[in-house]
Amino acid sequence: MLNRVISNLDFSISKYQVLCKAISKSGYTSITLADYLKLDSDHKMRPYLIMRHDIDRNPERTLDIARLEYDNGIKATYYFRTSTASKGIMDKVASYGHEIGFHYETIDKMKGDVKSAIDLFKNELAQFRVYHPIVTACAHGNPLTKHDNKHIWKHCRLSEFKLIGEAFLSLDFARFAYFSDSGRTWRKSRSQKMHGKDDVGSIYDYLQPKDTDELVGIINAGTPGNICVLTHPERWCSKPTDYIKRYVLDLIFSAGKTGIHLFRTVSRNNI
Ligand SMILES: [Zn+2]
């Protein structure tokens, strides 16, 4: 009974299956970030959908999502932090044809010291590359720090690390709509998404899906030229206990982010 209720709710694994089926039947070609960046400009004229996943915690949840995508012919890009980089899970995800990338947070870890952050970036990337040929990276956004991890790219270049792309910096958002499940909403919430840190502006920001069904409607209609979807697999649960735990955690995160947003707005305006 409870399983059936959960399966109809948003951010359940069943709802993710609905999303995957819509993508596989849509006019968009699913592609990893690395494969998209390797295309020449003529080929970039086709409509593409890049499915990106940030593995912030609970890496074991990744496997159901990766398998569902594989079953629906979707190739996605998975960004693991050093804290979620489980070799067994990354191997399995890669075996489905997905891209493994590096979810870096070295400026946060080095408390804003850019030089140390660059050294750490190099060392952590080398550890990832022992097992997987990492060619793209993506900044982790922590609402509790004032740093932006992407700031290291003001001091060095991706090519110095043999990287071909960074998920926020290497896509042209004049051509891509960007939908993220951060804050348990697809909408561009100013308190739940940190613009410039883990969110980007796109010319398609007028599209504000209120739930995954509306996102499916946008994909079916094919309105944006290209689409980038970001999800956090830990959020998409199948078991009722996991679903309820995650729902409560999201409520707590949401209240925290609203508090931080209010605090920063008040501080900025000297209220
Ligand atoms: Zn993250």
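## Exercises on aromatic rings

Phe-102, Tyr-104, Phe-121, Phe-128, Trp-153 and Phe-161 come together as one aromatic cluster in this structure, which is a predicted model. By the pairing rule used here, the count comes to 18 aromatic pairs.

**Exercise 1.** Determine how the rings of Tyr-104 and Trp-153 are arranged, and which parts of the chain their pair ties together.

*Solution.* Begin with the geometry: the centres of Tyr-104 and Trp-153 are 6.0 Å apart, and the angle between their planes is 85°. Planes over 60 degrees apart count as edge-to-face, and the pair of Tyr-104 and Trp-153 is therefore edge-to-face. Next, locate the two residues: Tyr-104 belongs to strand β4 (residues 99–104), while Trp-153 lies in the loop between β5 (136–139) and β6 (165–166), so the pair ties together parts that are 49 residues apart in sequence.

**Exercise 2.** Classify the pair of Tyr-204 and Tyr-206, and decide whether Tyr-204 is buried or exposed and whether Tyr-206 is buried or exposed.

*Solution.* The ring centres of Tyr-204 and Tyr-206 lie 6.5 Å apart with their planes at 45°, so this pair is tilted. Tyr-204 has a relative accessible area of 14% and is buried, whereas Tyr-206, with a relative accessible area of 56%, is exposed.

**Exercise 3.** Find which charged ends sit over the ring of Phe-168.

*Solution.* Take Arg-52, whose charged end sits over the ring of Phe-168 at 4.6 Å from its centre. Then take Lys-150, whose charged end sits over the ring of Phe-168 as well, 4.9 Å from its centre.

Definitions and conventions:
Residues numbered from 1 in each chain as written. Predicted model: local features only at pLDDT ≥ 70, side-chain atom pairs only at ≥ 80, totals over all residues. Heavy atoms only, no water. Phe/Tyr/Trp six-rings, centres within 6.5 Å; stacked < 30°, edge-to-face > 60°. Helix = DSSP H or I, 4+ residues; strand = E, 2+ residues; numbered from the N terminus. Buried < 20%, exposed > 50% of the residue type's maximum accessible area, 1.4 Å probe, protein only. Lys NZ or Arg CZ within 6 Å of the ring centre and 35° of its normal.
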